[in-house]
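Please read this briefing alongside the sequence and the model.

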Amino acid sequence: MKERGNRPQGNITSEEAIALYETLANSSPIGVYIVQDGKFRFLNPQFLKYTGYSEDELLHMHSSALVYPEDREKARQDAVDMLKGRRLSPYEFRFIAKWGEVRWAMETSTSITYGEKRATLANFMDITERRRVESSLRASENKYRTLVENLPQKIFLKDRNLAYVSCNVNYGRDLRIQPEEISGKTDYDFYPRELADKYRADDRRIIESG
């Protein structure tokens, strides 16, 4: 191996590695930051965009100040669990943007050496809109379920393979089962074959006709 000065060619110093990492992180569409001793040491542009703070403002803040007060302890414990390998999936918590809005973040953490000291590297994503959509879907589902359960009609839902997905209480009562017991079953589980064949033919005709 050829040498350049006193360093083998192809090897890089820790300072060069940090510089390379920062260059890559600065072009990342995901928020990236490094925390050491509770202080921010590195922040990429996307993280600044998510939080609304300037780099100088964050470098003078304690890292926990961004986290919504009620979520701080859980977020801290989730990060510790991930750093120690006790947790593999990303964790979620609320944070407070500079303009005062409480938003949702999803984060992963890993332990690194930064400036010859241990530090935490975090990948941070703002998932506020996703959480809003999920909340809206849950609310719609609850309204639908309330409506279905209070209708006098017998209602069921089947998939395209004609297996039951769900039903309301009135339909379950006719079959002498609880609604949650119907998932995955077919008409052959409840009716004589001739009748089940007819029901399935009717359902298939409806599916095919739209």
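In which loop is the place of Asp37? Asp37 has its place in the loop between β3 and β4, where helices (H or I, at least four residues) and strands (E, at least two) are DSSP runs, numbered from the N terminus. This is a predicted model, in which local features need pLDDT of at least 70 and side-chain atom pairs count only at pLDDT 80 or more, while totals for chains, interfaces and linings use all residues. Residues are numbered from 1 along each chain as its sequence is written, and side-chain values use heavy atoms, with hydrogens and water left out.

- β3 is mostly covered, with six of its six residues buried; buried means under 20% relative accessible area, exposed over 50%, and partly exposed in between (1.4 Å probe, protein chains only).
- In a regular strand the side chains alternate between the two faces of the sheet.
- From β3, Gly31, Tyr33 and Val35 point one way, whereas Val32, Ile34 and Gln36 point the other way, and all are buried.
- β3 and β7 run antiparallel and are joined by five bridges, where two strands are said to pair if DSSP finds at least two bridges between them.
- β3 and β4 also run antiparallel, and four bridges join them.
- Ile34 has Leu121 as its bridge partner in β7, and Ile34 stands opposite Phe42 in β4.
- The hairpin of β3 and β4 has two residues between the strands, and in this hairpin Asp37 takes a positive phi near 55°.
- Asp37 is not a glycine, although its phi is positive, and at 64% relative accessibility Asp37 counts as exposed.

**The largest nonpolar core**

- The largest nonpolar core has 22 residues, of which Tyr33, Phe40, Phe47, Leu58, Phe93 and Phe124 touch the most other members; such a core is a set of buried Ala, Val, Leu, Ile, Met, Phe, Trp, Tyr and Cys residues joined through side-chain atoms within 4.5 Å.
- At least two residues of this core come from each of β3 (31-36), β4 (39-43), α2 (45-51), α4 (72-83), β5 (91-96) and β7 (117-126).
- In soluble globular proteins, nonpolar side chains tend to be buried together.
- Not counting residues up to four places away in sequence, Tyr33 touches Phe40, Phe42, Leu43, Phe47, Glu107, Thr120, Leu121, Ala122 and Phe124, contact meaning heavy atoms within 4.5 Å.

**The largest pocket**

- The largest pocket holds about 540 Å³ of space, and of the 27 residues that line this pocket, the closest to its centre are Tyr33, Val35, Ser63, Arg76 and Ala79.
- On a 1 Å grid over the protein atoms alone, a pocket is an open set with protein on both sides within 12 Å along at least five of seven lines, a cavity is a set of points where a 1.4 Å probe fits but cannot get out, and lining residues have an atom within 4 Å of a point.
- Grid points are joined across faces, edges and corners, and a volume is the space filled by probe spheres set on the points.
- β3, α4, β5, β6 (102-114) and β7 each supply at least two residues of the pocket lining, and α4 gives the most, with six residues.
- The pocket lining has 16 nonpolar, seven polar and four charged residues, where Ala, Val, Leu, Ile, Met, Phe, Trp, Tyr, Cys and Pro count as nonpolar, Asp, Glu, Lys and Arg as charged, and the others, Gly among them, as polar.

**The cavity**

- The structure holds one cavity of 30 Å³ or more, and the largest cavity has a volume of about 60 Å³.
- The largest cavity is lined by Tyr144, Arg145, Val148, Ile155, Phe156, Leu157, Ser166, Cys167 and Asn168.
- Two or more residues of this lining come from each of α5 (128-150), β8 (156-158) and β9 (164-167), and the largest share, three residues, comes from α5.
- By class, the cavity lining has six nonpolar, two polar and one charged residues.

- Asp203 lies in helix α7 (residues 193-209) and counts as buried because its relative accessibility is 14%.
- Not counting residues up to four places away in sequence, Asp203 touches Phe156, Lys158, Leu162 and Asp187.
- Gln46, found in helix α2, counts as buried at 17% relative accessibility.
- Leaving aside neighbours within four places in sequence, Gln46 is in contact with Ser28, Pro29, Ile30 and Gly31.
- Arg176, in the loop between α6 (169-175) and α7, is a residue other than glycine with a positive phi near 65°, and at 78% relative accessibility Arg176 counts as exposed.
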